[in-house]
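Dear colleague,

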Number of protein chains: 4
Amino acid sequence: MFHALADLNRTASADFCAAIGDTFELAPWVAEAVVGQRPFASVAALHEAMMGAVRSAPRERQLAFVCGHPDLAGKAARAGALTEESRHEQASVGLDTLSEEEFARFHRLNDAYKEKFGFPFIVCVRRHTRDSILSQFERRLRHDAATEFATALQEIAFITRLRIAAKVTGEGMPQVNGRLSTHVLDTHAGRPAIGVAIELHEFAGERAHRIATAVTNADGRTDAPLIGGRPLPIGIYELRFAVGDHFRSRGIEQGDPPFLDIVPLRFSIAEPEGHYHVPLLCTPWSYSTYRGS
Amino acid sequence: MFHALADLNRTASADFCAAIGDTFELAPWVAEAVVGQRPFASVAALHEAMMGAVRSAPRERQLAFVCGHPDLAGKAARAGALTEESRHEQASVGLDTLSEEEFARFHRLNDAYKEKFGFPFIVCVRRHTRDSILSQFERRLRHDAATEFATALQEIAFITRLRIAAKVTGEGMPQVNGRLSTHVLDTHAGRPAIGVAIELHEFAGERAHRIATAVTNADGRTDAPLIGGRPLPIGIYELRFAVGDHFRSRGIEQGDPPFLDIVPLRFSIAEPEGHYHVPLLCTPWSYSTYRGS
Amino acid sequence: MFHALADLNRTASADFCAAIGDTFELAPWVAEAVVGQRPFASVAALHEAMMGAVRSAPRERQLAFVCGHPDLAGKAARAGALTEESRHEQASVGLDTLSEEEFARFHRLNDAYKEKFGFPFIVCVRRHTRDSILSQFERRLRHDAATEFATALQEIAFITRLRIAAKVTGEGMPQVNGRLSTHVLDTHAGRPAIGVAIELHEFAGERAHRIATAVTNADGRTDAPLIGGRPLPIGIYELRFAVGDHFRSRGIEQGDPPFLDIVPLRFSIAEPEGHYHVPLLCTPWSYSTYRGS
Amino acid sequence: MFHALADLNRTASADFCAAIGDTFELAPWVAEAVVGQRPFASVAALHEAMMGAVRSAPRERQLAFVCGHPDLAGKAARAGALTEESRHEQASVGLDTLSEEEFARFHRLNDAYKEKFGFPFIVCVRRHTRDSILSQFERRLRHDAATEFATALQEIAFITRLRIAAKVTGEGMPQVNGRLSTHVLDTHAGRPAIGVAIELHEFAGERAHRIATAVTNADGRTDAPLIGGRPLPIGIYELRFAVGDHFRSRGIEQGDPPFLDIVPLRFSIAEPEGHYHVPLLCTPWSYSTYRGS
């Protein structure tokens, strides 16, 4: 259910807390702490105020809050004991369908992490692929306690910013979405390449699986971003362009088999809220790409 | 055993025939047909004369000659009944280690081919990958009889040219070898990229397997061609360059994970005797390639 | 003075003719011929109807109409005897400030042309540079009479389309304007290049003169097109980018003097109503450009 | 007259000094200082020994030596009072044909320089264009005395290294020559571009003058380097490639006038002994270049 910021700014305190109290995991006190600061000029300001309440809370309250978060791919998930929000988030990156071996790996990492830091590993899964969650997990296990506590709060800021943005509408929405786009220029003809089939693959370890397909339009672009309206999951991707078919349809000599048939462009996304424009300029015998804008 | 052209040009006829008679499969008459044309000015001329003898032979003799070739991946191979030359050639492309399913596929294609044309499918395997042999097989099954007979003779020309080139040394060697090379320019620094790890993969269907590795030298090149001293097998390849490691070693900001880590360049080889130079020009944020010279 | 198409569609016939009668040089009969076809669904349709009236007029009327056009850079221009429209058009390309020698050259071409064809040389000067007018002049002198008469009518269509578009506003404006734009990507940093000084030069023979300057904004683009809101004059241009200053401001090593300082991109415009996007992708040691979209 | 290093190593001391004594301007004592160090293993070692003698000489001897060099474009040049070596060197960069205004500018710079430092401005003119000499002159006038004295000795090292390399042959020649080369790839066809006319221009201020022409051969290269067998003069250059003619000869559609006709690549040379490879990869609608190797 969506709430208008304007309504939240003027409704009764109890209704305000009921509306957004669950955006901070098991911590309705966060909403209560900011209700007196209304009105908020923007949705982003509302979220910042709530994070401010977390950051200025006493240490034991912060710790209890952090400890209230479920394990990633943990037993609570298996037992169906997650909050609705957490369940959706973990499913988005496939953490609900791990193999026994993967489940065991997460289990070991969770245990080692809690053993070292005394609270569960928290990461904003919607900003990650499964691979980058695992690499974050291993990297963060090497942190000292203070650095890691700050990192955990930062991840909570990412998580709750997305939850607020999904629940509250109005002025000054926080910037939570990224965009991945492409563009195919046929530099043999000096024109956009029209009708080129494109696949987007995401890597998990050595293997890539297809997550989107598109066909270029009259401007050599895709009608919609390849990923948009959400954070771009940190990870490794490959765009594959069927340029052999394109030049064949134009009747251009390109060798048999064609020198270039499927052109893969492999790149990483590191900024989930960023704009990645990854164009392809190509002839039957050459191509180039770059991070564009 | 190698023979010098000069020696073959002046030795006794019988010795000439003994030396090179087996280069044409089960057809010592080919060598006998050209012994009187000696001396040959070049190794290429020797081979052309032998092919000329084949092309001007009566049709039934040509057909018997063609029929003397073994099936590709056929029962003779399994039974160890191939000539030594044929055995080596078929092994070079892995036809000696097919799965039961692959063996059955070749068997069906061989049968359909012989049923249609009345002679076995002949292809110069050393100019092909397993994938391109299969695609040739299916394409040639659609030929009419005259076109296919000419194609079979052309493949025999390729096979025997390689056999002659491997057995006879001297002036005017036929051009039987191709070359695949690369070059890595770091256009961020304006210098060759030194120490970049490179892998060369060959595709078999959807899967690629690594067939060579190299590291760039002080000129950004590899000390030896990636493939050289032999025909380049027709097929699909992917060069993979560890550019993320390269820029990391230079201390260059490139995102985390780096925007470009492993850069794949996928291309086909269509001319086994050609020179394919496939360079990479790259920065941490862009790259380009082209068929160079 | 501007007229709304809707008004022209319903005003008195005499007012309609008074409003647009002078768009066809000394030929008010053209407006009169189409007044009965009102209402026009678009400004483009109005212009097409007027050209239709010209094309279907008797030959002698067409010829009289064509002959009513002034010489390019002719004596009428010197004597101040041009219509206001013609005077502005000729001035736009500098035909009002020719040297004696250039004036003499135009004079000779005009005479040769009228001698051969019996009517003056007509060209839509706003779609040309002085160079391309001269090259058109010499090329068209080689036409046969029928081809050249058709060419003259086509040029009149270009001229009058611009005049109508400048005078009448409303639905369905004819496409008379082109656009020249650029974009500078710093592929060393993986970002748009901000604050790069750009000059646009137009060639006249061997010499280039600067016709516009701009500085790239936060997106690496210019705030306005380099040429826009008018036809792009056919001719040769050079964009010059101060990339040496850009990399110097970033503190990047680039040689002394820098390998790249001013980067010139030289290109021709052949389609006055087209969109030319001519971007620059560059590092201190490399650059590329292409006709984009 | 050339001398073999081997001969110089074993000839009489007086002959050694006579042979190379004049390579250091008016300073036969330098050769005398090193005659006892013979044999030299390489020509480079001979030169380094002579510079060593200069660098370890007493300050007043160094100063006298430095002061023995003529003014650049000075009155001695006008009066014909230069040593033969100096005359040739100054002529190579056009210092013997200055306009009155340019002569006056050099004269002022020389006076200011001698006023400040007490010795004449010395620069190895064969490593410079006229433009870079002037920019060096102005830059070095801002040096402090110690820095400038070291700079003057370094320039003398450049000058004498060239003189030694021109006079003595043998093992271990010093690296005194640079190389400027190019390569044209037609990435529309996937082949070297053959028969492309190339001009090399050198800038003097705003104006460029042509200093070399070439045509690409079957490999898309020029038969000889554009500059080779000498130091590359520091300065700004422009390569101009007639790509419009190239694609016209192939019958390729490229617009009228062609989008790309003459492609200029403007770059600087900063390392006279370096290798500058400046290739052009192009289609009728795109091109790229880079500093290659």
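The notes below cover a helix pair, a sheet and a chain interface.

This is a predicted model, in which local features need pLDDT of at least 70, side-chain atom pairs count only at pLDDT 80 or more, and totals for chains, interfaces and linings use all residues. Residues are numbered from 1 along each chain as its sequence is written, chains are lettered from A and ligands numbered from 1 in the order in which they are written, and side-chain values use heavy atoms, with hydrogens and water left out.

In chain D, helix α4 (residues 43-55) packs against helix α10 (residues 145-167) at an angle of about 145°, the axes being 10 Å apart. Helices here are DSSP runs of H or I with at least four residues, and strands are runs of E with at least two, numbered from the N terminus. Axes are lines fitted to C-alpha atoms, for helices over the stretch in contact, and angles run from 0 to 180 degrees between N-to-C directions.

Chain C holds an open sheet of four strands in the order β7-β6-β9-β10, with antiparallel pairing; two strands pair if DSSP finds at least two bridges between them. β7 (207-215) and β10 (262-269) of chain C are the edge strands, each with a single partner, so one side of each lacks a neighbour in the sheet. Strands β6 (residues 197-204) and β9 (residues 235-242) of chain C pair over five bridges, and C:Glu202 stands opposite C:Tyr237 in β9(C).

Seven residues of chain B are in contact (heavy atoms within 4.5 Å) with seven residues of chain C.

Kind regards
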